[in-house]
Amino acid sequence: MTGNAHGGDDAEGLRHKRKDLLNVARRHFMAEGYAAARMEAIARDASVSTATLYAFFPSKTDLFTRVIDDASDDFSRQLQGVQVRGGTVREQLTAFSETYAAFLDDPFVRAVFRLVMAERKRFEPTADRFFERGRAEIGGVLMRVIDEHVAAGALNVERPSWAAGQLMGMIEHPVFFVPMVTGERVRSRREVRCIVGQAVDTFLARYGTGQG
């Protein structure tokens, strides 16, 4: 039993060490890009030997792939908060939209997306996996809300996936894409709460039945 306990401690220690290495590597890749980042510098910054780093990640390609997958895991945990409480259709759409906007408004989130986009050609399967996972997890939450209110008669929507994409797009453009492509230099003059309110108003003007 003692041996098992020690084995568990060792495994937990390795998981923590691996996570620490990924966090350090993430900072280097985000600051320098894939090509300029060096395994030796990452190991030194993480206070381990280069041999130790290679023992965890056999190549820089493997390390970069694991960094993006790990960031995707972090985002997934963060987006578990995009769970919509009960209420009217407006209240539920607003709750979703505010949480989604807060996620998109995080400069760190945009920095990771920018890194993935910059290296997409070199790591296309990794980039596709990253984007598709986010789309499925976020869009899935919103489509469940839409389906619920279609069934209740509060929304008239023939294609929930299209409707979800329209609402998310009205938030993404000003909150996410404009700052991302301009390196944070340009931001919407509207406050996030205003952007969300106008997006929900527009969505309900198109799909609402007035019954919810």
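Analyst: The axes of helix 8 and helix 9 come within 10 Å and cross at roughly 155 degrees. Axes are lines fitted to C-alpha atoms, for helices over the stretch in contact, and angles run from 0 to 180 degrees between N-to-C directions. Helices (H or I, at least four residues) and strands (E, at least two) are DSSP runs, numbered from the N terminus. This is a predicted model, where local features need pLDDT of at least 70, side-chain atom pairs need 80 or more, and totals for chains, interfaces and linings use all residues. Numbering starts from 1 along each chain as its sequence is written, and side-chain values use heavy atoms, without hydrogens and water.

User: How is helix 8 oriented to helix 9?

Analyst: Their axes cross at roughly 155 degrees. Angles under 35 degrees count as roughly parallel, over 145 as roughly antiparallel, 65 to 115 as roughly perpendicular and the rest as oblique. Helix 8 and helix 9 are therefore roughly antiparallel.

User: How many charged residues are in the contact of helix 8 with helix 9?

Analyst: Contact means heavy atoms within 4.5 Å. Ala, Val, Leu, Ile, Met, Phe, Trp, Tyr, Cys and Pro count as nonpolar, Asp, Glu, Lys and Arg as charged, and the others, Gly among them, as polar. The tally is 11 nonpolar, 2 polar and no charged residues.

User: How are helix 5 and helix 9 oriented to each other?

Analyst: Helix 5 (residues 89-104) packs against helix 9 (residues 192-207) at about 140 degrees, with axes 10 Å apart. The pair is therefore oblique.

User: How do the residues of the contact of helix 5 with helix 9 divide?

Analyst: In helix 5, Arg 90, Leu 93 and Glu 98 are among the residues that meet helix 9, whose partners include Arg 193, Asp 201 and Phe 203. The division is 8 nonpolar, 2 polar and 4 charged.
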